[in-house]
Amino acid sequence: AFVTIYIMAFFMGGLMEAVPVKKWTLLRFVVLAVSAYLGLSMLIYLTDSFRARWKNIYPVTLSYQGNVQQFFGFHDTGNLLVDPLNGEGVFLVKPEVMEAMLPKKQAEGIKHLQKNPGELEDTELTSLHPHFLPYRSVGKEGVMLAVILDDLCIHTPREVIHVANPVLALAVEPSALGKEYQVLLNSRILH
């Protein structure tokens with residue numbers, strides 16, 4: 001933020017020196033300031049969208065029972081995981097995503113179920129349709145806990161991809177997901 005303000009002040013100072021006007025009126029100054037602000041805002045927007053496209057990181061909106069949250073997702077061309085129950089592509093998420101999306105009691109129930117498979121504490125989790133998915137990655141095999149939420153939207157530069165009732169699996173190793181994103185997008189959904 002400070003760098004942006006510094007660049008804008010530097011830009012404004014240069015423009016004010018470059019424009020040969022002997023008397024500055026308030027109107028001219030405001031028009032110049034608004035123009036500089038809009039130009040810099042457009043430049044920032046373009047660089048952010050280019051960076052996101054280059055890194056394959058897109059905004060993702062998840063919703064469950066009226067709770068809508070925004071996260072970032074990485075388009076992983078190697079994520080081809082499919083839920084054997086319904087044939088849908090699976091999205092991997094960090095545990096923090098479930099904590100943000102679910103009511104506290106359900107989030108705690110999911111944590112307990114992940115640590116102790118087969119020990120379903122109560123029926124509050126049934127609306128999430130919890131189930132385990134077999135997976136295989138480089139040098140590892142196992143099962144991941146998966147749940148089904150209400151809605152997922154991926155905001156790419158070209159389009160918004162809507163997925164009803166997305167299957168989200170809790171990452172076995174959350175550190176495998178990067179720091180810039182919380183969701184690993186399924187390659188089958190984006191192509």
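Colleague: What makes S4 and S5 a pair of strands?

Modeller: Strand S4 (residues 131-137) and strand S5 (residues 140-148) run antiparallel to each other over 7 bridges. Two strands pair if DSSP finds at least two bridges between them, so S4 and S5 count as paired. Pro134 stands opposite Val143 in S5. The hairpin of S4 and S5 has 2 residues between the strands, and Gly139 there takes a positive phi near 75 degrees.

Colleague: How do you know that S5 also pairs with S8?

Modeller: S5 and strand S8 (residues 167-170) share 3 bridges in the antiparallel sense. Ile148 has Val167 in S8 as its bridge partner.

Colleague: What kind of model is this, and how are residues numbered?

Modeller: This is a predicted model, in which local features need pLDDT of at least 70 and side-chain atom pairs count only at pLDDT 80 or more, while totals for chains, interfaces and linings use all residues. Residues are numbered from 1 along each chain as its sequence is written, and side-chain values use heavy atoms, with hydrogens and water left out.

Colleague: What makes up the protein in terms of helices and strands?

Modeller: The protein has 5 helices and 9 strands. Helices (H or I, at least four residues) and strands (E, at least two) are DSSP runs, numbered from the N terminus.

Colleague: Why is Thr61 called buried?

Modeller: Thr61 has a relative accessibility of 16%. Buried means under 20% relative accessible area, exposed over 50%, and partly exposed in between (1.4 Å probe, protein chains only). Thr61 therefore counts as buried. Thr61 is placed in strand S1 (residues 57-64). Buried residues make up 35% of the 191 residues in the protein.

Colleague: What makes the link between Thr61 and Gln70 a polar contact?

Modeller: The side chains of Thr61 and Gln70 are joined at 3.2 Å. A polar contact is a pair of N or O atoms within 3.5 Å; within protein, one must be able to donate a hydrogen and the other to accept it, and residues adjacent in sequence count only if both atoms are side-chain atoms. The pair of Thr61 and Gln70 is therefore a polar contact. Contact in general means heavy atoms within 4.5 Å. Beyond its neighbours within four places in sequence, Thr61 is in contact with residues including Val68, Asp151 and His155.

Colleague: Which polar contacts does the side chain of Ser127 make?

Modeller: Ser127 meets the side chain of Tyr64 at 2.7 Å, and the side chain of Gln106 at 3.4 Å. Ser127 is in the loop between H4 and S4. With a relative accessible area of 33%, Ser127 is partly exposed.

Colleague: How do you know that Glu99 and Lys111 form a salt bridge?

Modeller: Their closest N and O atoms are 3.1 Å apart. A salt bridge is a side-chain nitrogen of Lys or Arg within 4 Å of a carboxyl oxygen of Asp or Glu, so Glu99 and Lys111 qualify. Glu99 lies in helix H3 (residues 95-101) and Lys111 in helix H4 (residues 104-115), so the pair ties together parts that are 12 residues apart in sequence. The structure holds 1 salt bridge.

Colleague: Why are Glu99 and Lys111 called partly exposed?

Modeller: Glu99 is partly exposed because its relative accessibility is 40%. Lys111 is partly exposed as well, with a relative accessible area of 40%.
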